[in-house]
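This report describes salt bridges in a predicted model. Please view the sequence and structure below before reading on.

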Amino acid sequence: MLIKLDHAAKRYGDFALDCTLEVREGYVTGLVGANGSGKTTTFKTLLGLIDRDGGTAEVFGKDAASLTPADRARMGVMLADAGFSGYIDLRAVADIQAALYQNFDKAAFLKKCKEYDLDTKKQLRRLSRGMRTKAQLLCALSHGADLLLLDEPTSGLDVVARDEILDLLRSYMQQEGRGILISSHISSDLEGLCDDVYMIDRGKIVLHEDTDRLLARYGLLKLDESAFEALDKSRVLRTKKESWGVSCLTDDRAYYEAVPGLVVDRAGIDTVITMMIRGEAKR
């Protein structure tokens, strides 16, 4: 097991994290939720950047707070609110990474920068947001890490750049024993990359599902009030009142597709997030 959180807790005023999740070897695991739901706090807990108020957080089978420099060298990290000074260029970034990581491949990093049209002589603050994002990810990929912790790695990238980044991550996962924990608000990235997905809301995990099962079995029912009252709700997870009636999230789309007259749509990750967070639990 690469990562194991068991009710890892952190409190900030009215916010309370209580997170349980796992990342297994060979898995790309997604963490999704609205802004402020606890994604970044979860990443910082795993990195030992904040003190826990309870629960456990293990990385490589060790407590996250007691990881050695050698353990941390096995991790590639990209946080949404962290990065290098904007007044240095990518050549200086390469020198810093080489000093920090024994296995950092400076030549490969600079080659990749060139491939992705990153000007290594330009100060980081002069690069576009998308280019800075690509540079951060290339740093995380350039020292042979066994585990990547990526907080919104495709943020600010256009469609072509996102596709390039996702190809890099797929190539990274071709080597055995590796894993990725990734957060993103772009559901199509997660649907095409992740093996499983955790959904977090107000610091708590509200759903964990294999991505293939979610896409194959989850569905959204759209009914008027009378049809909703008559509906067998045994396979409904969440309901949400709409101006025209009621939406219902189910994890057994096929069951309701067999009911004559029902409108049942496929439910992607965005739909599931919306319904799990904004919908009401079945009574």
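## Asp18 and Lys204

A salt bridge joins the side chains of Asp18 and Lys204, at 3.3 Å from N to O; the term denotes a side-chain nitrogen of Lys or Arg within 4 Å of a carboxyl oxygen of Asp or Glu. Because Asp18 belongs to strand 2 (residues 15-23) and Lys204 to strand 10 (residues 204-210), the pair ties together parts that are 186 residues apart in sequence. Helices (H or I, at least four residues) and strands (E, at least two) are DSSP runs numbered from the N terminus.

Asp18 is partly exposed at 25% relative accessibility, and Lys204 is partly exposed at 44%. Buried means under 20% relative accessible area, exposed over 50%, and partly exposed in between (1.4 Å probe, protein chains only).

Asp252 and Arg217 form a salt bridge through their side chains (3.9 Å, N to O). Asp252 lies in the loop between strand 13 (245-250) and helix 10 (253-257), and Arg217 in helix 8 (residues 211-217), so this pair links parts that are 35 residues apart in sequence. Asp252 is buried, with a relative accessible area of 15%, whereas Arg217 is partly exposed at 35%. Arg217, Arg235 and Asp252 are linked in a network of salt bridges.

## Lys240 and Glu242

The side chains of Lys240 and Glu242 also meet in a salt bridge (3.2 Å, N to O). Lys240 is buried at 15% relative accessible area; Glu242 is partly exposed at 26%.

## Total and basis

The structure holds 15 salt bridges.

Residues are numbered from 1 along each chain as its sequence is written, and side-chain values use heavy atoms, leaving out hydrogens and water. In this predicted model, local features need pLDDT of at least 70 and side-chain atom pairs count only at pLDDT 80 or more, while totals for chains, interfaces and linings use all residues.
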